[in-house]
Each structure stands twice: as C-alpha cells, then as structure tokens.
Amino acid sequence: MTSRACGRPLWRAATTVLPSTLRRPPRSTMTAWQRARQILREDLEAAISRDPAARTRIEVALAYPGLHALWAHRLTHRMWRVPVLRLPARLISQATRAATGVEIHPGATIGRRLFIDHGMGVVIGQTAVVGDDVVLFHSVTLGGRSMTHGKRHPTVGDRVVVGAGAKILGPVWIGDDAQIGANAVVVKDVPAGAVAVGVPAKVRQTTAVEREERAVTPLEDPALIEYMI
C-alpha cells in the first residue's frame, strides 16, 4: 500500500515473532484496556531485549526515562485526536520533557516497540512518523527544515537504528532496516537497508554479506561501530 501524496510505502505492522506470552489475541476479542496494556508491555519487553544493561522488568519500568517518555506519548497521542484535549496533551508532554529529557510532540505517530536508549535530548516533531521496532540513541532529532504547516518532519521505517546525536531533518523518508550513524545530518531520503553517515549524510549501500551479519547483530554493523555511540 502506498501514500497517494508521495508514492512511498505506508508502514505496516512489524513481522517480528514475539514470545507466545506477547502474541496478540484477535483484535475483535480485545478491549481497549487490553490493547493498551499489550502495547505497554511490548514497549517494556523491547527495552529489556535491546539493552544489555537491563536487569529486571521492575528496574526498567521505574528507571528508564526513554520508556517513561514513550508511555506518556501513548497517552498524549490519544488525547491529541480530541481537539478539546490538545492543550492538556501539550502540557503533559512538556511535563514529561522536563522529567525525562525526551520531547515527543503529541501529534507524532509512533509505532510499536520503539526503544529510546538513554533518552536525554531526543526530540520528535509533530508530523514525524516512526515505524515499528525502531531504536533511537540519545540526542537524536527528528525535526523540520521549515516553519510551514503540513508534513515537515521525517518518516522513519521499521527496524531503523539512529545513532547518538543524529539529526534527520525535513519530510524525508528513511527506509526499512536503514541505519543512521551518530552525528549524521540527514536531509535526503535513505533507501531501505542502507547506511547513512556524515555531515551531510551520504548513503553507503551494504553488501549481501553485511546484510546477513546485520540480521544477526543489527547494532554491530562494522560500518557503524565507530559512529554509533
């Protein structure tokens, strides 16, 4: 399925195979509360599985600011859909920013199982779209390049990794499984499966062997190891 406006793929749900305890029952049998609880639990499990420093679920739930910011956004994004609740949504998002150092506009669309590592300094703009199973390191910006209304922030595909300090600016498209090196400044589209590093970022196409290696250890790409953290 593609967007009629730009012909780019609309992000579908990730195909990641989850443990049996996290597999969703048929949507028709789930209440709104059950769906919300399922999504929050997925967020928690994503943080645990992607951070080798994580020890227990209770520690992650209480001590990870990126997770707190994400959970707050789950609430404020629902509030944003109701015009009369937009001001409270903004106030909650700003309180969350003060508490966690992560600023996510309530209007941003965030997929499932996002992991924000460390969190401090992450900014996600109003019209940004983030796919499923994405990893953002600290000081990442998904920002705009203009002050006009309409779509002005990036669209990030599924399973994308964005290194510390990277800036993705404007209504650019980051394809599925792409990787953005630390401190890169991305102002153009990045194809699916590609690596982008530098200022301004340049795309480095990966080989078949590298793609196989990344499938096993997605955060240890040889091309990114010196740029990522």
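Two strands count as paired where DSSP finds at least two bridges between them, and the strands themselves (E, at least two residues), like the helices (H or I, at least four residues), are DSSP runs numbered from the N terminus. By that criterion, strand β14 (residues 195-197) pairs with β15 in the antiparallel sense over three bridges. The model is predicted, so that local features need pLDDT of at least 70 and side-chain atom pairs count only at pLDDT 80 or more, whereas totals for chains, interfaces and linings use all residues. Residues are numbered from 1 along each chain as its sequence is written, and side-chain values use heavy atoms, with hydrogens and water left out.

**The sheet**

- Six strands form an open sheet with mixed pairing, and their order is β3-β6-β9-β12-β14-β15.
- The edges are taken by β3 (115-116) and β15 (202-204), each of which has a single partner strand, so one side of each is left without a neighbour in the sheet.
- Within the antiparallel pair of β14 and β15, V195 stands opposite R204 in β15.
- The loop between β14 and β15 holds P200, which is joined to V199 by a cis peptide bond with an omega of about -10 degrees.

**The helix pair**

- Helix α3 (residues 65-80) packs with helix α4 (residues 86-100) at an angle of about 175 degrees, their axes lying 9 Å apart; here the axes are lines fitted to C-alpha atoms over the stretch in contact, and angles run from 0 to 180 degrees between N-to-C directions.
- This makes α3 roughly antiparallel to α4, a term used for angles over 145 degrees, while those under 35 count as roughly parallel, 65 to 115 as roughly perpendicular and the rest as oblique.
- On the α3 side, P65, H68, A69, A72, L75, T76, M79 and W80 meet R86, P88, A89, R90, I92, S93, T96 and T100 of α4, where contact means heavy atoms within 4.5 Å.
- The residues of this contact divide into nine nonpolar, five polar and two charged, with Ala, Val, Leu, Ile, Met, Phe, Trp, Tyr, Cys and Pro counted as nonpolar, Asp, Glu, Lys and Arg as charged, and the others, Gly among them, as polar.

**Positive phi at non-glycine residues**

- R113, in the loop between β2 (109-110) and β3, is not a glycine and yet has a positive phi of about 60 degrees.
- R113 is buried at a relative accessible area of 7%, where buried means under 20%, exposed over 50% and partly exposed in between, with a 1.4 Å probe and protein chains only.
- H118, in the loop between β3 and β4 (123-124), likewise is not a glycine and has a positive phi of about 70 degrees, but H118 counts as exposed at 53% relative accessibility.
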